[in-house]
Amino acid sequence: MEPLKYIYNDAFFKHYTTALKKVVPGFRKPVLEKLVFTPEWEHMELKQRMHHLAVTLNDILPGTYTQQLELVLQLTDQLQTATIYANGLACMFIPEFVALYGLDDFKRSVKAMERITCLASFEFAVRPFIIRYEAAMLAQMLKWTSHKVALVRRLASEGSRPRLPWGIALPTLKKDPAAILPILDALKDDPEEFVRRSVANSLNDIAKDNPEITLGIARKWIGANAERDKLLKHACRTLLKQGHAGALELFALQHHDAVTLDAFTVHTPKVPEAGALEFSFELHNSDGEARVIRLEYGMHYLRANGTHSRKVFKISERLYAPGEKITIRRKQTFKPITTRAYYAGEQKVSVIINGREYEPVSFELKGR
């Protein structure tokens, strides 16, 4: 799979320069190329390229920030007509421009966010504004929850997430998320699923620092309709993976002695480097009643310091008939990935049934 940084290819620059010619007086393509294609360009990763393009955009736009912002909005309109930007990722440097150069002009920058986020999500670039102008920015985001455009409504919940992945953390909201709860409440029944999913993601963020707040909201909201229950299940995913008793009880996933684990077997006791673990087990609902069973497994990865770190993977969650017995077989690869380092030595795998983790079984990951 080609690295994402290569979205900045010939096709991108063709559309980008065409749009710049239409909005920037006296624009010259060679000037842009000289600014962009520095010796460092080829070695830059995606976020570095986005930042670099924001800086070069500032270099080629004339006038004050107010004048530049008007041109940026015209540029946004031009780029929005190009189907190559359907996912908006390539244009994330435009929100970055506003975050870099518009932080001292709150009113104009915030107004521009509404238009720009319809091309490229402002969820990352809005965060410096929250940090500097927390009360005013969150008040504006609450207003956005009733905006006619779904992408703007989503910005209200996604941009205010306390722990947005790849985004700047919001320390005060991690400690006390009370200020964003009205935003989430206003969007919990939004007609667009991707907005509701953003609400769930924010609640999941909150659960990592304040689990009882997320659980309290879930207990209040649950049962209203199927869409909201789906939102809450996604919002409580971290708590469920942790085996949190309150979350398991909320979704009727408590442990029951009639549900048993048998024949847990590791079929690959020695896994070669970049190979795969294979294991299986039997699950039996010996009860006379049907039971909802959430099945997961835990990979206890060996760390560099000799300890183990558990990561939980979901297998399934469904209703099991009285007396139903099945065999589950799974494979877990150890192919190298950028987000995790594997260390040769003893690893462990466990089975988790409705939050209860059974005794892990060891296996060896071979080195070179």
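Two strands are said to pair if DSSP finds at least two bridges between them, and the strands themselves (E, at least two residues), like the helices (H or I, at least four), are DSSP runs numbered from the N terminus. With that in mind, let us begin with strand β9. Val349 stands opposite Val361 in β9, and the strands β7 and β9 pair in the antiparallel sense, over five bridges. On β9 there is also a pairing with β2, this time in the parallel sense and over two bridges, where Val271 has Leu365 of β9 as its bridge partner.

Before I go on, a word about where the values come from. This is a predicted model, in which local features need pLDDT of at least 70 and side-chain atom pairs count only at pLDDT 80 or more, while totals for chains, interfaces and linings use all residues. Residues are numbered from 1 along each chain as its sequence is written, and side-chain values use heavy atoms, with hydrogens and water left out.

Now the overall picture. The protein has 16 helices and nine strands, and its C-alpha trace spans about 75 × 55 × 35 Å along the principal axes. Of the 368 residues, 46% are buried, which here means under 20% relative accessible area, whereas exposed means over 50% and partly exposed covers what is in between (1.4 Å probe, protein chains only). The accessible surface comes to about 18,300 Å², and carbon and sulfur atoms hold 53% of that surface; the areas come from the Shrake-Rupley method with a 1.4 Å probe. If we take the contacts (heavy atoms within 4.5 Å) with a separation of 6 or more, residues 24 or more positions apart account for 67% of them.

Let me turn to charged side chains. How many salt bridges does the structure hold? There are 27 salt bridges, each being a side-chain nitrogen of Lys or Arg within 4 Å of a carboxyl oxygen of Asp or Glu. Lys270 counts as exposed because its relative accessibility is 54%, and Glu364 counts as partly exposed because its value is 27%.

Elsewhere, Arg132 meets Asp104 in a salt bridge, with 2.5 Å between the closest N and O atoms. Here too distant parts of the chain are linked, since Arg132 is in helix α7 (residues 127–132) and Asp104 in the loop between α5 (93–101) and α6 (106–116), 28 residues apart. Is Asp104 buried or exposed? Asp104 is exposed, at a relative accessible area of 68%, while Arg132, at 45%, is partly exposed.

A further salt bridge joins the side chains of Asp287 and Arg291, at 2.7 Å from N to O. Asp287 is buried at 18% relative accessible area, and Arg291 is partly exposed at 23%. Shared partners also connect the salt bridges of Glu123, Arg154, Glu158, Arg161 and Asp205 into one network.

Next come the aromatic rings. Rings of Phe, Tyr and Trp (its six-membered ring) pair if their centres lie within 6.5 Å, and planes under 30 degrees apart count as stacked, over 60 as edge-to-face and the rest as tilted. By this rule there are 20 aromatic pairs. Among them are Tyr301 and Phe334, edge-to-face, with 5.9 Å from centre to centre and 80° between the planes. Tyr301 lies in strand β4 (residues 291–302) and Phe334 in the loop between β6 (325–333) and β7 (345–353), so this pair ties together parts 33 residues apart in sequence. Tyr301 is buried at 5% relative accessibility, and Phe334 is buried at 2%. The rings of Phe334 and Phe363 are edge-to-face as well, because their planes stand at 70°, with the centres 6.0 Å apart. Phe363 is in strand β9, 29 residues from Phe334, and both Phe334 and Phe363 are buried.

Finally, ring pairs link Tyr8, Phe12, Phe13, Tyr16, Phe37, Trp41 and Phe93 into a cluster. Over the face of Trp41 lies Arg49, 4.3 Å from the ring centre; the rule asks for NZ of Lys or CZ of Arg within 6 Å of the ring centre and within 35 degrees of the ring normal. Arg318 lies over the face of Tyr320, at 3.7 Å from the ring centre.
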